[in-house]
Amino acid sequence: MDCTIFERKHIPQAIGPICMARARESEALAHGNPFTHGLPDTPVPALEPYVENGLGVAAVEGDRLVGFLCPMTPWRNHDTLRTHIPLYAHAASPDRAEPGQLYAAMYARAAEKMFAYGICAHSITFFTHDTAGVDAFFDMGFGKCCTDRIRSRDAPFPAIQTPPEVTYAPVPPEEIASIRPLRRALHRHMAKSPCFLPDSDAAYATWLAHVEQSGRRTYAAYADGTAVAYMDVDTCGNSYLSASPDMQNIVGAYCLPTYRGMGITAALTAYVAKTMWCAGYRYLGVEHESANLTARYFWRKHFAAYTYSLLRRL
């Protein structure tokens, strides 16, 4: 086996293993999972950009592609040059006896090129049931940073009791500024231990302006007329599967600490889900930081994990 540069000629052979990986994850979720019976059948995005940046690696045996691993064109995150290997930009042939060893060999070759380029933050997304790939990257110094989760309309929410003064409703565009205190509280929460994701006031202001003008739909829980929790919903989340026309995605959520433990966030989630089901969508997704303990504890009670994202900093 040789690890060489990923070229345009490899793309036709690469599509099959990607689709097979999605099918395996969907089948695994369909058996006994209480939150979903599968995954959306979203088309695989184009791989041509991964040919153009020259960072991709193809594992070949003769003319046969047995694996590939393709980082995105890097971008600067604060003072660090970073890249990501999306869910659809890597695969190992399912007939390999040791797919973990194949992944290790491909990453070793790709990391050599990335380091020469000055890229010192590497991340990759795997399906949750791709344990050989996940374990291989854990062994190479990666840690889990994010989880994508999903719930389908086949799994309706049970009735949730909350305080009678709490109501749930969409936030009209002209009232979107009323959610700013909750967004600021979420920003401060993410900066604290154990998340450690601080941002400057200028960066926060830029993010806030983007969010308020992005067209996201926002829903809130109100206590005596004041928003005490909110959720943003958008058409696309973190994984390529989240872009399915059958799926919507929770892309931001927060509840004031004094209103936690009352079922309010669960009821707001159920309200958002019912709104999506009534609009004709089949799936609702969410992505959260692994180190966000509050989010991790909550979302795992209501959604099935289907991807893990791993990160290594050099």
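Which residue takes a positive phi in the hairpin of β2 and β3? It is G62, with phi near 65°, and the hairpin has 2 residues between the strands.

1. A word on the basis first. This is a predicted model in which local features need pLDDT of at least 70 and side-chain atom pairs count only at pLDDT 80 or more, while totals for chains, interfaces and linings use all residues. Residues are numbered from 1 along each chain as its sequence is written, and side-chain values use heavy atoms, with hydrogens and water left out.

2. Strand β2 (residues 57-61) has 4 of its 5 residues buried (under 20% relative accessible area, 1.4 Å probe, protein chains only). Strands here are DSSP E runs of at least two residues, and helices are H or I runs of at least four, numbered from the N terminus. Pairing requires at least two DSSP bridges.

3. Elsewhere, 10 strands make an open, mixed sheet ordered β4-β5-β7-β14-β8-β13-β12-β11-β10-β9. Because β4 (75-77) and β9 (166-170) each have a single partner strand, one side of each lacks a neighbour in the sheet. Neighbouring strands are turned by 25° on average, direction ignored (axes are lines fitted to C-alpha atoms, for helices over the stretch in contact; angles run from 0 to 180 degrees between N-to-C directions).

4. Within this sheet, β5 (residues 80-85) runs parallel to β7 (residues 121-127), joined by 4 bridges; T83 stands opposite H122. Helix α4 (residues 131-139) touches β7, β8 and β14 (heavy atoms within 4.5 Å), and its direction makes about 160° with that of β7.

Definitions and conventions: Buried < 20%, exposed > 50% of the residue type's maximum accessible area, 1.4 Å probe, protein only.
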